[in-house]
Amino acid sequence: MCTLEKRGQLFLLKLTGNGEHRLNPTLLDNLRSAITQIRSDPSSSRSLLITTSDGKFFSNGYDLALAESDPSLRVVMDSKLRSLVADLISLPMPTIAAVTGHASAAGFVLAMSHDYVLMRRDRGFLYMSELDIELVIPAWFVAVIRMKIGSPAARRDVMLTAEKVTAERGLEMGIVDSSYGSAAETIEAAIKLGEEIVRRGVDGYVYGRMRETLLKQVLHTIGSNESASNRMRNSGSKL
Amino acid sequence: MCTLEKRGNLFLLTLTGDNEHRFNPDAIATILSLLGQAKSQAKRGSVLITTGHGKFFSNGFDLAWAQASGSLTGAAERLHQMVESFKPVVAALLDLPMPTIAALNGHAAAAGMMLALSHDYIFMRKDRGVLYMSEVDIGLSMPDYFAAMVRSKIGTSAARREVLLSGKKIRGEAVALGIVDSAAHDSAEGVVEATVSLAEKLAAKKWNGDVYASIRKSLYPELCEILGLKATIFATPKL
């Protein structure tokens, strides 16, 4: 479901296989375990995380088919993703999402939860699909969207027209930092950017705390729900 | 003073008569009632376009009516009454279960500009009409929901300053400032035609209006809080 590799100072977290990488409870648990592992690595204060995926999808969102069969899982997946995003926001190192495939709804939120978003421009889009599939967008998703998208018109386009945002449009909107000709080029660029950032020698703990302060409102919105009470730095949580 | 027409999927709300379309209690009640009608007849693919006749979209509250009360306290009370009774109009537009477009036939000032900003999309004429928050020039303070609307819909501090603090009559630069979506249209017919074109594209999506309204409200949490609007939760996605 996901693998974690270390290349020098870079952690490479990959959503594996050619499927849609739906954020079901198992994958979310695996991702959180990987983050816990990263956090407990002794060299983590001088490291960086790159998240990417195999195949056509970065992630196509929650496992809605699973939730259809057991509606209680909807809350479980929401809780687990809140915890994962809170973990990423408090992570004591810079983070890069190398988006090499479609990122929809919760998958789009996962991509946006990284400090830098690099994306391929030859294929794939970012898509807040909820309006098209008749789901509402939770307040905490909106908080993440606001963190990445500054223009009210762009937020409206993303949420109220369910625009399929290409890398080019993503650049215009400020969601995407830079775009590349292929999946391989995107990952290569992420590694290069990662190495450059790590070379600056920033203290990861200071960086992580600064990010938390900057995104205080987002953390507050993520946490404002009883199901998210275990979100912060609680690596042993069963959620 | 105000009519609601139905043309296929489109609801056309028109501020009639070649006058300033000032919002006094009667006009406000009429607009509210017509929005209620549109809401009750809403179905998938419905879209609202609001426009006006003559030189003005609306020049704001009926200050002459306020002054006609004969005393300073009387005038203040009447103004307060209009400010309070206009809130439900803004709320009704935010709550409307269909996309909304303002086709500005002419000047939109103060509460008139608020009416425009309460729509999802705003198109202006190139040849005529300004946006003008007159409060700073006429010495009126800003109701809380007006300021919240500006914060919600206008993204940059420079643009907010231009709108609220400069007393400027804003024309085509409204596009660059991120206040309107387009200011490229000649004549009242031209701007309405352009909005009809957009409306048809939006109507073709056949979105669920209740979900649309819910997502719209989640885009503007601060404003909704001030207006007492709550988002409703749905749990049955189209898979």
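**Entry 1: chain A**

I began with burial in chain A: 58% of its 239 residues are buried, where buried means under 20% relative accessible area, exposed over 50% and partly exposed in between, using a 1.4 Å probe and protein chains only. I note that this is a predicted model, in which local features need pLDDT of at least 70 and side-chain atom pairs count only at pLDDT 80 or more, while totals for chains, interfaces and linings use all residues. Residues are numbered from 1 along each chain as its sequence is written, chains are lettered from A and ligands numbered from 1 in the order written, and side-chain values use heavy atoms, with hydrogens and water left out.

I looked up the secondary structure of chain A and found 11 helices and 10 strands; helices (H or I, at least four residues) and strands (E, at least two) are DSSP runs, numbered from the N terminus. The radius of gyration of chain A is 16 Å, close to the 18 Å of the globule rule for 239 residues, so chain A is as compact as a globular protein of that length. That radius is taken over C-alpha atoms, and the rule is 2.2 Å times the number of residues to the power 0.38. The C-alpha trace of chain A spans about 45 × 40 × 35 Å along its principal axes.

I then checked contacts, meaning heavy atoms within 4.5 Å. In chain A, 74% of the contacts between residues at least 6 apart in sequence join residues at least 24 apart. The accessible surface of chain A is about 9,500 Å², and 51% of it belongs to carbon and sulfur atoms; such areas come from the Shrake-Rupley method with a 1.4 Å probe, and for residues only the protein chains shown count as cover.

**Entry 2: A:Arg7**

I picked out A:Arg7, which sits in strand 1 (residues 2–7) of chain A. A:Arg7 is partly exposed, with a relative accessible area of 42%. Leaving aside neighbours within four places in sequence, I found A:Arg7 in contact with A:Leu12 and A:Ile191. I also looked up A:Ser182, 175 residues from A:Arg7 along the chain; their C-alpha atoms are separated by 21 Å.

**Entry 3: chain B**

Chain B has 11 helices and nine strands, and 54% of its 239 residues are buried. I read the box filled by the C-alpha atoms of chain B as roughly 60 × 40 × 35 Å along the principal axes. Chain B exposes about 10,100 Å², with 54% supplied by carbon and sulfur atoms.

Next I looked at helix 6 (residues 144–153) of chain B, which is mostly covered, with eight of its 10 residues buried. Among them are B:Tyr145, B:Phe146 and B:Met149. The buried residues of this helix pack against helix 7 (152–160) of chain A, and also against elements of chain B including helix 3 (72–95) and helix 11 (221–227).

**Entry 4: between the chains**

I ended with the two chains together: 22 residues of chain A are in contact with 27 residues of chain B. The area buried between them is about 2,200 Å², of which carbon and sulfur atoms give 63%. A:Glu134, A:Arg156 and A:Leu160 supply 32% of the area that chain A buries against chain B, more than any other three residues. Buried area here is the accessible area (1.4 Å probe) that two parts lose on being put together, summed over both.
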